[in-house]
Amino acid sequence: ELVSCVGWTTADELYSCSDDHQIMKWNPLTSETTRVVKLPDDIYPIDLHWFPRNVGGKKQSHAESFVLTSSDGKFHLISKLGRVEKSVEAHCGAVLAGRWNYEGTALVTVGEDGQVKIWSKSGMLRSTLAQQGNPVYSVAWAPDSEKVLYTSGKQLIIKPLQPTAKVLQWKAHDGLILKTDWNSVNDLILSAGEDCKYKVWDSFGRGLYTSQPHEYPITCVAWAVDGELFAVGSFNTLRLCDKTGWSYALEKPNTGSIFNISWSTDGTQLAGACGNGHVIFAHVVEQRWEWKNFEITLIKRRTMKVHDVSSEAEDSLEFRDRVVKASLASGYLVVATSLQCYVFSTKNWNTPLIFDLKEGTVSLILQAERHFLLVDGGGLYLYSYEGRLISSPKYPGMRTDTLNAQTVSLSNDTLAIKDKADEKVIYIFEALSGKPLGDGKPLTHKAEIVEIALDQKGLISERKVAFIDKNRDLYITSVKRFGKEQKIVKIGTMVHSLAWNDTSNILCGVQDSRITVWYYPNTVYVDKDLLPKTLYEKEASEFSRNPQLVSFVGNQVTLRRADGSLVHLGVPPYPGMLHAHAQAARWQDALRLCRFVQDQTLWACLAAMAVANKDMGTAEIAYAAIGEIDKVQYINSIKDLPSKESRMAHMLLFSGNTQEAETLLLQTGLIYQAIQVNINLYNWDRALELAVKHKTHVDTVLAYRQKFLEDFGKKETNKRFLQYAEGVSV
């Protein structure tokens, strides 16, 4: 009889239920199949879902029980050994789907009677979330378990558990929707319909991808746990797709319709429940990693092929267990298998460093130049390339299973994480100790953050984090905040993805219909008006809609187009060289480079770098080259100032840091200059306040104020000035 549903308990054990009333247990490694239990003859199973494994922070090695929905209107809570713990009358007609939420605190069921019901862990009815006229075929929880997504004919509906909150509903297909799935890591939604198409949506119901019509209705779709891939099943068809929708592989197995697909917890294999009574197993292979001249392919579950394109040399790497995740960058290949972690240096493929992993499958590997980060269900672990555990950062309410490359960023000294619990917050850690940076407060933004990235080079005191919020605005801010609130500065709009360069602090982003490179993002802290002059822009209409940035290595930007093809884009090499000169304070070489290239953008970058490093001579030449004469004059006036402190203060003023300039002048006892600075900026109240506080130059302030008012023909209305004007003769 047809197999209706499948579900993995561990990465090597699968349960399947079929219309012949049997629950079978499969082990794909040893190819063993055993019967767990035969259900009563009146129970025809429809859907099964294992109880989540990482509940309450305790990570169980395998799931203990599952919910099974059946055609007689009941759902059954069944233990791993096949004992039916409880059967609950749930719907009139068949219960078409049942899903545990991520915490394991609630169960949602949907049925032919058009009802959506929420149950407690023990099977008590909590609420009926929705009632409608047509059957609900599929249901999924939102990543935060606060909302439920379900189908209604051709519509998809997202309904929050809060009764007062707004319901989102949209027409998704031209035919009946048979299956839907919502991923907890990337927050994207899949739908499959009888119109023979599958589609990808974001959580606002905006369509991101629509497939071509197939020959037969799409009977199921399922996300891999980490949200990078999804699988699509139809009649004699199994397809593997990227999260952006394009297809990696198409298989035509002899299965009948595939009714249900379940991914194993480590995301390396999937199982399908087939209409002809078979269970199909599939493994994901042929993943590729590229870095500089190396190309690495996973050719079998436990074998990798290394290809050096410059010397045409080939190597083969064998592993004891199957490969779960891998990453190639900064001269190292890091491979996590189900039990161990291997670190290969690209200079020597024969002697990897191997260490054992803790319980839990690795869901993410991130590399920096000096160390790498492993993320599994239990926590975050930072290792050196020698295999030493450096630190294991923690923060309150940590849920590591929802982290991906967009929400975690690593540099040589800093680790930044955007958590799902509060989307407006970025946690920042010191990499070597695993402690929160600075005063321990996380960085808070006014809107939800979508993607974050740390710059890779330079000093830790100047470490910057760039991030995109949900309005697609790009911001940059400094990681180190000493007590004072660091300003978060907006440097771009409509940015879809971003990447820092690996060798210098140059930022690249995909904006609306163009690729933009911020040659020196730090400019915003030095001279805001210069920023537009330090950009490199390239028309990107040839790259189709919303291309994704894959990497920015050396002078090469790699983009992935919407159809999955990779496009490489060259960026001029000069700004990188300029960064190197500036970092080593080789200002003469920097000037020579700019004179040789004769490019306005390069001069603008040099001007900003020189001011940032307080080199006024170079700054003067650079500003002159881009025709900013007023700034040249101001820099000249700074040079003539008598004391070093006042020069420093005016430099700070030049960059717009008035508060710091005033503090510096007061600290060094230059009271009059501090007052004069405020008068020049028309901060009258502050000027008077300083004068009164230090009991000096009150008359000067009043005189300037009087002259200012006379110039504009106004009367004095400020109470404080009137009060002092009576007591002081000017």
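The lining of the second largest pocket comprises 16 nonpolar, 16 polar and ten charged residues, where Ala, Val, Leu, Ile, Met, Phe, Trp, Tyr, Cys and Pro count as nonpolar, Asp, Glu, Lys and Arg as charged, and the others, Gly among them, as polar. The model is predicted, local features requiring pLDDT of at least 70 and side-chain atom pairs pLDDT 80 or more, whereas totals for chains, interfaces and linings use all residues. Residues are numbered from 1 along each chain as its sequence is written, and side-chain values use heavy atoms, without hydrogens and water.

A pocket is an open set of points on a 1 Å grid over the protein atoms alone, where a 1.4 Å probe fits, with protein on both sides within 12 Å along at least five of seven lines; lining residues have an atom within 4 Å of a point. Of the 42 lining residues, Glu-462, Lys-464, Asn-522, Tyr-525 and Ala-612 are the closest to the pocket centre. Helix H8 (658–667) is among the elements that each supply at least two lining residues, and its share, five residues, is the largest. Helices (H or I, at least four residues) are DSSP runs, numbered from the N terminus.

In helix H6 (residues 629–639), Lys-631, Val-632, Ile-635 and Ile-638 are buried, that is, under 20% relative accessible area (1.4 Å probe, protein chains only), with exposed meaning over 50%.
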